[in-house]
Every structure is written in structure tokens, then in C-alpha cells.
Amino acid sequence: MSEQLTLFSHRSNSLPVEEQLNLDHSDIRLYRNFFDEAASNHLLETLTQEINWRQEYIKIHGNPHPIPRLTAWHGDEGSSYSYSGIEMNPEPWTDTLRFIKQAMETVAQVKFNSVLLNFYRDGNDSVGWHSDNELELGNYPVIGSLSLGGTRKFSFKPKQKARSFDKHDVDLSNGDVLLMQGETQQYWYHQIPKTKKSVAPRINLTFRVIYI
Ligand SMILES: O=C(O)CCC(=O)C(=O)O
Ligand SMILES: [Mn+2]
């Protein structure tokens, strides 16, 4: 563990302030500024440099299409995972990732064994509607998400069409933690839409428990 990292305070050292999103059949909690600005900026810079960011492709009608963001996958050995048809084998934990993981575990109250990282270079980068409901994540996935860098809109919409009026948006900013658990992935889709606004680069880390 680098000396600099251990100096950073995060809100789990005190009692983090929790906002609960009030959506049916969900358990979604927000911890604003979980990491303070200095820590968040440092983590953003370090991860930008040290992560081996990859451009992945998905096949549509047999043709490869670049996904609109860069990604990386780190975790315990054996926690391999398929995502949008991409089979991902984890890279090992770095000191930075281990430090963040330990902090996230204090609010999530679970031990994570993997993390998917997304790098959104600008407003053209995005992730489309999906839920994190892959079989490897079990029936009630606990997803701990940390956002670093530019603020982006994160949207929820219900899986049942009749409830589509229930769409809900939340802005995720530098240092914010979003925890999704319980039935959330069974009942709700989420996305990061593209935006025409000028936005700073953003890194999002979603910590997960993969049942091997
Ligand atoms: O960037 C985000 O906030 C969300 C990323 C996400 O939903 C995912 O990687 O599954
Ligand atoms: Mn997701």
C-alpha cells in the first residue's frame, strides 16, 4: 500500500451520510463525496495511468463494433465473467484498487472479489440500458459503484413497461458511491446516456461479488 493512499480519509472512517432512492422493488443508496475531492482526484489520475484500458468490441450481425467506452476487469483469480458476450478474465488487484475495495466493503458489508472499470472519455461515451443480472452475480447482486471525474447522469427505468413513468435520474459526481442491492437488478435497468454537454473524463468502478 503506498503511503500516500493511506493518508486519504474516506467517509467510512466516520459515519457516511446515506441517501436512499425511493424506487419500488429496489435497494439503492447514495453516499455523496464518499472520497473527498483531493482523494478522488488522486485516484482518478492514478487509475487513468496505471490501468491497462482496453477497447472491447461486440458483434452485431457478425460484425465487430467498438463499445463506446474503455474498460478493464480486475479481481481474484478465477472470478471470470461474461459481459455483453465478452468473456473477461481478471487482471490482479493493484494497491489502488485494493484500497478502494476495502473502503467500499465498509458500506456494502460484503467482500467483493472483482471490479469492472469503465472509462468515459467524453460525452460520446456511454453505457446502454442493462441490468447487472448475470448468473455469476447470484439472485440479489450487491453492486458497489464509485464515480471519479466528470459528473454524469445515471438513469433507472423499470423493466415492466407499464411502469415506464417511473424513470429516475441521479447525477453521479467525483467521489460519489452508489450501492445497488436487493431486488434492484431484477426490477430495474440502468444506463449512462450520451450527452452533448461538455463533460470531463470519468472513471466508474463497479465492485461485484462473483460466485465461482
Ligand atoms: O458508469 C456507471 O456509473 C455505470 C456502469 C455500469 O452500469 C456497469 O459497468 O455495469
Ligand atoms: Mn451496470
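Author: A cavity is a set of grid points, taken over the protein atoms alone, where a 1.4 Å probe fits but cannot get out. The model discussed here is predicted.

Reader: How many cavities of 30 Å³ or more does a search of the whole structure find?

Author: Rolling a probe the size of a water molecule over the atoms shows where empty space is left. Here the search of the whole structure gives one cavity of 30 Å³ or more. The largest cavity holds about 130 Å³ of space.

Reader: Which residues line the largest cavity, and which are closest to its centre?

Author: The lining has 15 residues, and those closest to the centre are Asn118, Tyr120, His190, Asn204 and Thr206. By class, the lining of the largest cavity comprises six nonpolar, six polar and three charged residues.

Reader: Which strands supply at least two residues each to that lining?

Author: They are S8, strand S9 (127-130), S14 and S15. The largest share is from S15, with four residues.

Reader: What takes up the space of the largest cavity?

Author: Ligand 1 does. The shell around ligand 1 is drawn from elements that include strand S8 (114-120), strand S14 (188-192) and strand S15 (202-208), each giving two or more residues. S15 gives the most to this shell, with four residues.

Reader: How many residues surround ligand 1, and which are the closest?

Author: There are 13 residues around ligand 1, and the closest are Asn118, Tyr120, His190, Arg202 and Arg208. Sorted by class, the shell has five nonpolar, five polar and three charged residues.

Reader: What is the volume of the second largest pocket, and which residues line it?

Author: Its volume is about 160 Å³. The second largest pocket is lined by Thr151, Arg152, Lys153, Asp171, Pro193, Lys194, Thr195, Lys197 and Val199. By class, this lining divides into two nonpolar, two polar and five charged residues.

Technical notes
Residues numbered from 1 in each chain as written. Chains lettered and ligands numbered in written order. Predicted model: local features only at pLDDT ≥ 70, side-chain atom pairs only at ≥ 80, totals over all residues. Heavy atoms only, no water. Near = heavy atom within 4 Å. 1 Å grid on protein atoms, 1.4 Å probe; cavity = no way out; pocket = protein on both sides within 12 Å on 5 of 7 lines; lining within 4 Å. Sits in = over half its atoms within 2 Å of the grid points. Nonpolar A, V, L, I, M, F, W, Y, C, P; charged D, E, K, R; others polar. Points joined across faces, edges and corners; volume = space filled by probe spheres on them.
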